[in-house]
Amino acid sequence: MSQESKIWLSSPHMGGEEQNFVKEAFDTNWIAPLGPNVTFFENDIAAYVKNDVSVAALSSGTAAIHLALEILGIKSGDEVLCQTFTFSASANPIKYLGATPVFVDSEKDTWNMSPKLLEEAIEDRIAKGVKPKAIVAVHLYGMPYKVTEINATAEKYNIPVVEDSAEALGSTYNGVKCGGFGTVGILSFNGNKIITTSGGGALVTKDKAIKDRAVFLATQAREDAPHYQHNVVGYNYRMSNVLAGIGRGQMLVLDDRVAARRANYQYYYDNLHLIKELEFLNEPSGVFSNRWLSCILTPSFKIREKIRLALLNENIESRPLWKPMHAQPVFKDCASYMDGTSEDLFERGLCLPSGSNLEKKDLERIVRTIKSQFI
């Protein structure tokens, strides 16, 4: 193992102003899980995403998906269509509600949910007597899914879309920011995301009633009464005022973080694309990706592992692409509509270090290590 400093896959990157907002929370004693920073952070996100959205700042992106599904009426016995090629947090909340995920494979242009297979899945589930109640579609690695096609299918069958934008803050589709395309959108501010609040997430919607319901449920569903009155089950899902202060500072540098991650991708592409064994995912027309993670495809599992282990030996973190949900033991009994795309991507794909705080010497070291495997 190399003794050189560790290069992480995607580490937090503070901008400098975060401490001022956090200090303000301490100075005013707003340490409780609510306060001015939460309101300002929600307003900052809404102003950034635009599209007349309302925002509820929450404890995690997973909490946002859970609340979105509950507000959309998902309950025990229902089926929810979910992109298979994603992190488990996209699918786990379906199970929280006693519902069943039905997984849909990806297409090759964006690696996201295949519109063709989505429609096939809907038709087949209806034929089997169970119409799906929602669609969870993901902008994977910051690459927007085919919004026009997915939304058209959702509208055709009158099925709401939960737009999982956990990895896509700052990405755009036809000039419109991701987060506002679904019936409900969700964001994540986990430590490895494009901006972070340490832990945290947000629910985004153009329907103010959905936002208000999310806030109500996220604050233990306490009714408007002088005593503690609860008519439905609620959750402790609100973001703290302290963490929202970090978020306010991060919003000030969000565009810089997007530019840095896109520059990382461009450096990898410029220095590696002539290696015939490696493939990159290009942006389709009308798509702008924040390039949250830069990814490559190799010819085989064997070569992917050869590169990953060489990087590991140089103290450089990399990671295989997501293992599809339909291939996870926890979801082995769920229906799925596959054509082999996501399994092929998992076998051959690798995420490279992509943090916005990478220095040129780090990128040079990563590229040098990868090139050494093809000499």
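**Pocket, cavity, sheets and helix contacts in a predicted model**

The largest pocket draws at least two lining residues from each of α3 (61-71), β8 (184-188) and β12 (319-320); helices (H or I, at least four residues) and strands (E, at least two) are DSSP runs, numbered from the N terminus. This is a predicted model, in which local features need pLDDT of at least 70 and side-chain atom pairs count only at pLDDT 80 or more, while totals for chains, interfaces and linings use all residues. Residues are numbered from 1 along each chain as its sequence is written, and side-chain values use heavy atoms, with hydrogens and water left out.

**Largest pocket**

- The largest pocket holds about 460 Å³ of space. On a 1 Å grid over the protein atoms alone, a pocket is an open set of points with protein on both sides within 12 Å along at least five of seven lines, whereas a cavity is a set of points where a 1.4 Å probe fits but cannot get out; lining residues have an atom within 4 Å of a point.
- Grid points are joined across faces, edges and corners, and a volume is the space filled by probe spheres set on the points.
- The lining of this pocket has 30 residues, and F87, S188, N190, N192 and K193 are the closest to its centre.
- Helix α3 gives the largest share of the lining, 3 residues.
- By class, the pocket lining has 14 nonpolar, 11 polar and 5 charged residues. Ala, Val, Leu, Ile, Met, Phe, Trp, Tyr, Cys and Pro count as nonpolar, Asp, Glu, Lys and Arg as charged, and the others, Gly among them, as polar.

**Cavity**

- The count comes to 1 cavity of 30 Å³ or more, and the largest cavity has a volume of about 70 Å³.
- Its lining consists of W111, L140, Y141, M143, Y265, L281, S289, R291, L293, S294 and C295.
- That lining divides into 8 nonpolar, 2 polar and 1 charged residues.

**Sheet of 8 strands**

- This open sheet has mixed pairing and the order β1-β9-β8-β5-β4-β2-β3-β13; two strands pair if DSSP finds at least two bridges between them.
- At the edges are β1 (54-58) and β13 (336-337), each pairing on one side only.
- Helix α3 packs on the sheet and touches β1, β2 (79-83), β4 (134-138), β5 (161-164), β8 and β9. Contact means heavy atoms within 4.5 Å.
- The direction of α3 makes about 165 degrees with that of β8; axes are lines fitted to C-alpha atoms, for helices over the stretch in contact, and angles run from 0 to 180 degrees between N-to-C directions.
- Strands β8 and β9 (residues 201-205) are antiparallel and share 4 bridges, with I186 opposite L203 in β9.

**Sheet of 3 strands**

- The open sheet of 3 strands is antiparallel in its pairing, in the order β7-β6-β10.
- Its edge strands are β7 (176-177) and β10 (287-288).
- Strand β6 (residues 172-173) runs antiparallel to β10 and is joined to it by 2 bridges; T172 stands opposite F288 in β10.

**Helix contacts**

- The axes of α2 (residues 36-49) and α8 (residues 241-251) come within 8 Å and cross at roughly 35 degrees.
- The crossing of α2 and α8 is left-handed: the near helix is turned anticlockwise from the far one by less than a right angle, and clockwise in a right-handed crossing.
- In this contact, P36, N37, V38, F40, F41, D44, I45 and Y48 of α2 meet N241, A244, G245, G247, R248 and M251 of α8. These residues divide into 8 nonpolar, 4 polar and 2 charged.
- The axes of α9 (residues 254-272) and α12 (residues 360-371) come within 11 Å and cross at roughly 35 degrees, and this crossing is right-handed.
- Helix α9 contributes N264, Y267, Y268, N271 and L272 to the contact, and α12 contributes K360, L363, E364, I366, V367, I370 and K371. By class, the contact of α9 with α12 has 7 nonpolar, 2 polar and 3 charged residues.
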